[in-house]
Amino acid sequence: MSEFVTNIRLWFAPEQVRDEGGTPDYRFSLANERTFLAWLRTALALIGGGFAVDQFLPHLRWAWRVGLALALLGAGVLCSLRAVNHWVRCERAIRRGEDLPASRFPAVLSLVVAVVALVMVVVVLAGWAG
């Protein structure tokens, strides 16, 4: 079974992570969980921002409003899925005594947020009303 499929299965059966390697210092597992929760807060903020753009910018052209809202909502969905996947991957690595997995996701998420923010600055400055 591929590593990706194994990780997804562990999303729904986290107690099976304990079968991997040895029991680590609990502080590492708790730090991993705090990181997971931070990613979930980020996802919730992105989702909230997507709804805010859609609801509180009614004078913005429909295409711009929906495009910006969907970009933020999509980033929020991806961030929440990435959070649980990263938690599983890190927990397995901690228990195996391996290096923590590297990820490009923070850089990609930062670029998406930056692009949305730049578009919103242009929209606000240009006053593109519908």
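This is a predicted model: local features need pLDDT of at least 70, side-chain atom pairs count only at pLDDT 80 or more; totals for chains, interfaces and linings use all residues.

Start by selecting glycine 21: with 55% relative accessibility, this residue counts as exposed (exposed means over 50% relative accessible area, buried under 20%, and partly exposed in between, with a 1.4 Å probe and protein chains only). Glycine 21 sits in the loop between helix H1 (3-11) and helix H2 (26-56). Helices here are DSSP runs of H or I with at least four residues, strands are runs of E with at least two, and both are numbered from the N terminus.

Residues are numbered from 1 along each chain as its sequence is written, and side-chain values use heavy atoms, leaving out hydrogens and water.

Next, colour H2. This helix has 31 residues and spans 44 Å from its first C-alpha to its last, close to the 45 Å expected (1.5 Å times one less than the number of residues). Show the side chains of its buried residues: Ser29, Asn32, Trp39, Ala43, Leu46, Gly50 and Val53. What covers them? The cover includes helix H3 (62-96) and helix H4 (105-126), going by contact, meaning heavy atoms within 4.5 Å.

Zoom in on tryptophan 39. Leaving aside residues up to four places away in sequence, tryptophan 39 touches Cys79, Arg82, Ala83, Phe105, Pro106 and Leu109.

Which residues touch the most other members of the largest nonpolar core? Out of 15 residues, they are Trp39, Leu46, Cys79 and Leu109. A nonpolar core is a set of buried Ala, Val, Leu, Ile, Met, Phe, Trp, Tyr and Cys residues joined through side-chain atoms within 4.5 Å. H2, H3 and H4 each supply at least two residues of this core, and H3 gives the most, with 6.

Stay with cysteine 79, which is buried at 0% relative accessible area. Its closest cysteine sulfur, in cysteine 90, is 14 Å away, too far for a bond. Cysteine 90 is buried too, at 4%. The disulfide count is 0, where a disulfide is a pair of cysteine sulfur atoms within 2.5 Å.

Last stop: select residues 27-93, which UniProt lists as "domain: DUF202" in an unreviewed entry. Such annotations may be inferred rather than shown by experiment. This stretch is 93% helix and 0% strand, with its end C-alpha atoms 15 Å apart.
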